[in-house]
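Please open the structure in your viewer and keep the selection tool at hand.

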Amino acid sequence: MTDRTPARVGVLGGGRMGAGIAHAFLLAGSDVTVVERDQDAADAARARIEQSIDASIARGFDGSPAELRRRLTVATDAAAFGLHGLVVEAVPEDLDLKLEALPRVEAQLAADAVIASNTSSIPLARLTEALERPERLLGLHFFNPVPTSALVEIVVGADTGPGLAETARGWVRALGKTPITVSDSPGFASSRLGVAIALEAIRMVQDGVASAEDIDLAMELGYRHPTGPLKTTDLVGLDVRLGIAEQLERELGPRFAPPQLLRDMVADGWIGRKAGRGFYDWKDGS
C-alpha cells in the first residue's frame, strides 16, 4: 500500500511550527485548514505559509503555487475542521492551553478522525484527560524548521488505538520525512536528550568553562553534530527551551533544573534568533 497523507488535514495554530506543519502536508497533496484565534493571527499564518510555499518552489519543488494556495484554508473557528481526517494541535507548549484546545477540536470531528499533538514534552496521558475518545490521540512531534527537518517523532500513549502508530508512520513517510516511534513519557526521546545536552552546555557557559562558540565546535567537530547545542537553542528559542526544561524538572526531577543563566537571558529578552540575540548575535538575519 502506498504511503499517503489524509485528504484533509487540519492544523490548530498557525505560528512558526503550525505553519511549517501545514506547509508539509500541502506539499504532500493534502487539503489543509489552519485555524487561528482571530483574524489578525489568521492573516499572519497565511502569509507565513505562502512564504514557505514560494521558498519551496524556488528550491525546485515541482508544483503550482496557485494550486497549493487553493488547497489552503485559514479560518478562526474550529468548526472548519468538521470533515477532516486528521487535525494536528500546534498551540504553544502550555498544558492549560492544550487542555482547552483539544476538546474544542474533538467536538468538531467525526468519530474516526485522528487528533495529533505536536507537544515536545507534555505526556499524552495528561492531554487525554481532556478528550472523550482518548484512543484517537497520538503525538506527532515535528522539528523546527519543519520544511527542512527530516525527523518526526511519533508518540504512542497508553490509550492510543491499535494500528494508529503504523498509520502515522505512513503519513510521515509520505511527507518525505523519517518517523521514529516512542512510548509516552516526559520529553519523549528527542526533547529529553536534546534538552539535557543543551542545559549542560548552558551550565558550561555559566561556569566559564568555554565560550558558546567553542562548546558548539566541540560537538560539531568532535561528535559530528550538524549544529552545536547552543546555536540549536538559539534556533529553537531560549524561551521554548526554558519551558520544556521546567516541564521536565517537574516530571523527572532536579537534573533538568534550568540554569540561572537561561532564566536570566529569557528575562532579558535574549531568546535567540527570533529576537536577534541569544548565545549568538542574529541581528544580521543569518
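The stops below cover the nonpolar cores, the aromatic rings and a pocket.

This is a predicted model, in which local features need pLDDT of at least 70 and side-chain atom pairs count only at pLDDT 80 or more, while totals for chains, interfaces and linings use all residues. Residues are numbered from 1 along each chain as its sequence is written, and side-chain values use heavy atoms, leaving out hydrogens and water.

**The nonpolar cores**

Select Ile21, Phe25, Val34, Ile49, Leu86, Leu140 and Phe142, which touch the most other members of the largest nonpolar core, a set of 33 residues. Such a core consists of buried Ala, Val, Leu, Ile, Met, Phe, Trp, Tyr and Cys residues joined through side-chain atoms within 4.5 Å. Buried means under 20% relative accessible area, with a 1.4 Å probe and protein chains only. Helix H1 (residues 16-27) supplies the largest share of this core, 6 residues; helices (H or I, at least four residues) and strands (E, at least two) are DSSP runs numbered from the N terminus.

Which residues does Ile21 touch, not counting residues up to four places away in sequence? They are Val11, Val88, Ala90, Asn118, Phe142 and Val146, where contact means heavy atoms within 4.5 Å. Next, select Ala78, Ala101, Val105 and Val155, which are included in a second, separate core of 22 residues.

**The aromatic rings**

The whole structure holds 2 aromatic pairs. Rings of Phe, Tyr and Trp (its six-membered ring) pair if their centres lie within 6.5 Å, and planes over 60 degrees apart count as edge-to-face, under 30 as stacked and the rest as tilted.

Select Phe25 and Phe142, an edge-to-face pair with 6.4 Å centre to centre and 65° between the planes. Phe25 lies in helix H1 and Phe142 in strand S6 (residues 137-142), 117 residues apart. Phe25 counts as buried because its relative accessibility is 1%, and Phe142 is buried too, at 2%.

Move to Tyr280 and Trp282, which form an edge-to-face pair and are both buried.

**A last selection**

Finally, select Arg16, Arg48, Gln51, Ser52 and Pro147. They lie nearest the centre of the second largest pocket, lined by 13 residues. A pocket is an open set of points on a 1 Å grid over the protein atoms alone where a 1.4 Å probe fits, with protein on both sides within 12 Å along at least five of seven lines; lining residues have an atom within 4 Å of a point.

Terms used
Buried means under 20% relative accessible area, exposed over 50%, partly exposed in between (1.4 Å probe, protein chains only).
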